[in-house]
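Hello! Here is the structure I promised to pass on to you. Have a look at it, and then read my notes below.

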Amino acid sequence: MRKPKVIRMVFALSLGCFIMVIFYFNSSLKPASETVGERSSGQKSRRSPLQTLYDGDQVESAVQAIHQGRRELLEEACRSYTRKRRVLIPEDLKHVIVDDQHGLLYCYVPKVACTNWKRVLMVLTGVAGSHRDPLEIPANEAHVPGNLRTLSEYSTSQINQRLRSYLKFVFVREPFERLVSAYRNKFTRSYNTAFHKRYGTKIVQRHRSNPQPEALERGNDVSFEEFVYYLVDPATQREEPFNEHWERVHSLCHPCLIHYDVVGKYETLEQDSRYVLQLAGVEDQVSFPSSSKSTRTTGDMAAQFFHNISPFYQKKLYNLYRMDFLLFNYSLPAYLKFR
């Protein structure tokens, strides 16, 4: 008579264990992007920037359409122009800054407003202390290693979780305007003696006929033509990678391996920066600084620098930066003399 009772008890215990297992798996499979607030500071759960982007009810539809178009163009260009696929390694992620509090991944590109974006992220992550205005943070402080964490510092599982659930954004610029901006900043400013010594002396030695001893010593009078010769010289990249200020964006940020949710452009910097801050829900906490247009390198200025570059070297330089033109939908500049 006791046997049925024992069977019922075993059945009830088994059913209870099964229900507990189902409950465990349901809770463990909850999307990571749903609990940004809980993950970062134990605050009340809120929507992540990634959810805000794809839910599509928080931001002006015209702006959303622009960014959707850029994502689609980038994906199509990646399919068309890249054949070999590979796995990301930590070395690829050294330019990707992490904001765990707001669920953001930002790949910084030098000469594309990266100083101001680093300042903004320092305010958002609390690294800036009492500063609420990004412009109160000195520019050199924004570039101090360790102030902001990069994705390369995390474990493989942590990297994958953040790539899946954080809003990934990058800002790009017309490639030759960015290149001229880098040249002007690093080789024509008297205070940049470290760049003159590190790169200028080498460029003068290799690409100037009969250099003067002072130029070989200081490297502070490199012409744009000499800079171009240095860039297209195959020996340059055989020796070492390009400096980040003139490295190609696709080599810094790997847009065909990392699927960026927002591709901002320097040409629409204020609008695109506001869009990112809206998606992150922080537009009332911090504003992106307005840029000084008086010193900005423009297309007309780039044309002047390229005026003395022969069509042969223009073509070689374009081939070097071709993928940035194609991936980010920039046209061949009208001032170039080759077709």
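**Charged pairs and the overall picture**

Glu153 is partly exposed, with a relative accessible area of 44%; "buried" stands for under 20%, "exposed" for over 50%, and "partly exposed" for what lies in between, using a 1.4 Å probe and protein chains only. The partner of Glu153 is Arg149, and their side chains form a salt bridge with N and O 3.4 Å apart. Arg149 is also partly exposed, at 40%. By "salt bridge" I mean a side-chain nitrogen of Lys or Arg within 4 Å of a carboxyl oxygen of Asp or Glu.

Before you go further, please note that this is a predicted model, in which local features need pLDDT of at least 70 and side-chain atom pairs count only at pLDDT 80 or more, while totals for chains, interfaces and linings use all residues. Residues are numbered from 1 along each chain as its sequence is written, and side-chain values use heavy atoms, leaving out hydrogens and water.

Now for the chain as a whole. You will find 16 helices and four strands in it; these are DSSP runs numbered from the N terminus, with helices (H or I) of at least four residues and strands (E) of at least two. The chain has 339 residues, and 45% of them count as buried. Its accessible surface is about 18300 Å², with 53% belonging to carbon and sulfur atoms (areas by the Shrake-Rupley method with a 1.4 Å probe; for residues, only the protein chains shown count as cover). If you take contacts between residues at least 6 apart in sequence, 69% join residues at least 24 apart, where a contact means heavy atoms within 4.5 Å.

Back to the charges. Side chains of opposite charge can pair when their charged atoms come close. How many salt bridges are there by the rule above? The count is 16.

One of them joins Asp272 and Arg70, whose closest N and O atoms are 2.9 Å apart. Asp272 sits in helix H14 (residues 269–279) and Arg70 in helix H4 (residues 61–81), so this pair ties together parts that are 202 residues apart in sequence. Asp272 is buried, at 0% relative accessible area, and Arg70 is buried too, at 16%.

Another salt bridge links Asp92 with Arg86, at 2.8 Å from N to O. Here Asp92 is buried, at 6%, whereas Arg86 is partly exposed, at 44%.

Finally, look for a network of salt bridges that links Arg198, Lys202, Arg206, Glu239 and Glu240.

Happy exploring!
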